[in-house]
There are 2 protein chains.
Amino acid sequence: MSDMTSTADAPRSPGRPRSTRADEAIVEATLDLLAEGSTVEALSIEAIAARAGVGKATIYRRWPGKEALLLDALGRLKGAPPRTGGRSVRDDLVLLVGAVGQHVDPRVRKIMPCLVPEVSRSSAHRQAYEAIIEPRRQAMREVLLRAVDSGELRADLDVEVAMALLTAPMLTQRMLHWHPDRDERILPERIVDAVLDGLRPR
Amino acid sequence: MSDMTSTADAPRSPGRPRSTRADEAIVEATLDLLAEGSTVEALSIEAIAARAGVGKATIYRRWPGKEALLLDALGRLKGAPPRTGGRSVRDDLVLLVGAVGQHVDPRVRKIMPCLVPEVSRSSAHRQAYEAIIEPRRQAMREVLLRAVDSGELRADLDVEVAMALLTAPMLTQRMLHWHPDRDERILPERIVDAVLDGLRPR
């Protein structure tokens, strides 16, 4: 990839578009190294540059440092949340709950479990984790708040708890997924209906 | 600890109690090795015997093999679930939800995250994981079913989903625990009330 290096390292004249090929290679190298087990601390600009086939200067021209690059790279992992139709809060939530822990990029599966134990210890890890999950959290928050406005959900809704109830069972189930067949599995519909209706008789 | 070995290895006469000191040392050695990062596969009877200061024969006299010893050792990690008062389903659930992820033995914290990624791949890991959590799951199941009988909870209760809603948010929060102060934290009371009442207006 030495041709990419030379292109990317050439001084940028005003108006010349960023080398998206080099950007892409740098982001991919970062995610590959994390997916192969590198910790956030151990990850170095040197290693990323070597893997991407670019010079360190190319990276520093685009990102101020490792943390900024990391957040940018991780933020691209999940892709956009699914688009909700807005017909009913139940339909929208089933769609969003079904997407919890579903990873567009298979590297998420390798990167997330390594980030999680570090989240409580380091703010860099916490930021990285939030960069991955926040777009989807925001989509769910909006569905819930719209349904409060429309009267479908209670006015005193505890939004943070509601999001935890909807997402955590899918996350823990995906983490442990051992269920032999579909009947035993806790499907999004079952979660959403139980959360909406509650356990007490109505 | 050679005196323990010789005592434990002596042939047992009928009626003579098991050497609980050797049992204890073997169980502790197993848990220590796991907490230090040994995988279930890598753990060997040799290593456990060496760590406990007993002969391999002492272990085989008490457990048919590694898996049986492992399940026994892991089953002791959590201790008994908290005793529920049975006054109201809410009180009982707040107590049990508060105990989710609270570990009597600090080694659980090191052992569980290593077991989890293996659970879906190996039935030995799955059994080990279930040996740890099942006593507490059973306590919660009983509280829920009692409340269905008494009419406090709906007759068509989806018990598995209810347990997931009650426990998973605590588990994921404990795993990630980064909340700076008590106000932001999702406390057992908030979870139980949201699950019991549901998100729709009543």
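First, the conventions. The model is predicted, so to speak of local features we need pLDDT of at least 70, side-chain atom pairs count only at pLDDT 80 or more, and totals for chains, interfaces and linings use all residues. Residues are numbered from 1 along each chain as its sequence is written, chains are lettered from A and ligands numbered from 1 in the order in which they are written, and side-chain values use heavy atoms, with hydrogens and water left out.

I start with the interface. The size of an interface is often given as the accessible area lost when the parts come together. Here chain B and chain A bury about 4000 Å² between them, where buried area is the accessible area (1.4 Å probe) that two parts lose on being put together, summed over both. Of that area, 66% is on carbon and sulfur atoms. In terms of contact, meaning heavy atoms within 4.5 Å, 40 residues of chain B meet 40 residues of chain A.

Between chain B and chain A there are 20 residue pairs in polar contact, both residues at pLDDT 80 or more. A polar contact is a pair of N or O atoms within 3.5 Å; within protein, one must be able to donate a hydrogen and the other to accept it, and residues adjacent in sequence count only if both atoms are side-chain atoms. On the side of chain B that touches chain A, the elements giving two or more residues are helix 6 (89-99), helix 7 (107-119), helix 8 (123-150), helix 9 and helix 10 of chain B. Helices here are DSSP runs (H or I, at least four residues), numbered from the N terminus. Helix 9 of chain B gives the most, with 11 residues. By type, that side of chain B divides into 24 nonpolar, five polar and 11 charged residues.

Four salt bridges run between chain B and chain A, a salt bridge being a side-chain nitrogen of Lys or Arg within 4 Å of a carboxyl oxygen of Asp or Glu. One salt bridge joins the side chains of Asp197(A) and Arg200(B), at 3.4 Å from N to O.

Which residues does Ile186(B) touch, leaving aside neighbours within four places in sequence? They are Glu160(A), Val161(A) and Ala164(A) in one chain, and Met170(B), Gln173(B) and Ile191(B) in the other. Ile186(B) sits in the loop between helix 9 (159-176) and helix 10 (188-197) of chain B. Its relative accessibility is 11%, so Ile186(B) counts as buried; the cut-offs are under 20% relative accessible area for buried, over 50% for exposed, and partly exposed in between (1.4 Å probe, protein chains only).

Arg141(A) forms a salt bridge with Glu160(A), with the closest N and O atoms 3.9 Å apart. Arg141(A) is in helix 8 (residues 123-149) of chain A and Glu160(A) in helix 9 (residues 159-176) of chain A, 19 residues apart. Arg141(A) is buried at 19% relative accessible area, while Glu160(A) is partly exposed at 33%.

Another salt bridge in chain A pairs Arg90(A) with Asp193(A), at 2.6 Å between the closest N and O atoms. Arg90(A) lies in helix 6 and Asp193(A) in helix 10 of chain A, so the pair ties together parts 103 residues apart in sequence. Over all chains, the count comes to 32 salt bridges.

Next, Arg107(B), in helix 7 of chain B. Arg107(B) is buried, with a relative accessible area of 13%. Its side chain makes polar contacts with the side chains of Glu28(B), at 3.0 Å, and Asp32(B), at 2.8 Å. In chain A, Glu28(A), Asp32(A), Asp105(A) and Arg107(A) are linked in a network of salt bridges.

Last, helix 3 (residues 45-52) of chain B, where Ile45(B), Ile48(B), Ala49(B) and Ala52(B) are buried. Just after helix 3 of chain B, Gly53(B) takes a positive phi of about 70°.

Notes. Ala, Val, Leu, Ile, Met, Phe, Trp, Tyr, Cys and Pro count as nonpolar, Asp, Glu, Lys and Arg as charged, and the others, Gly among them, as polar.
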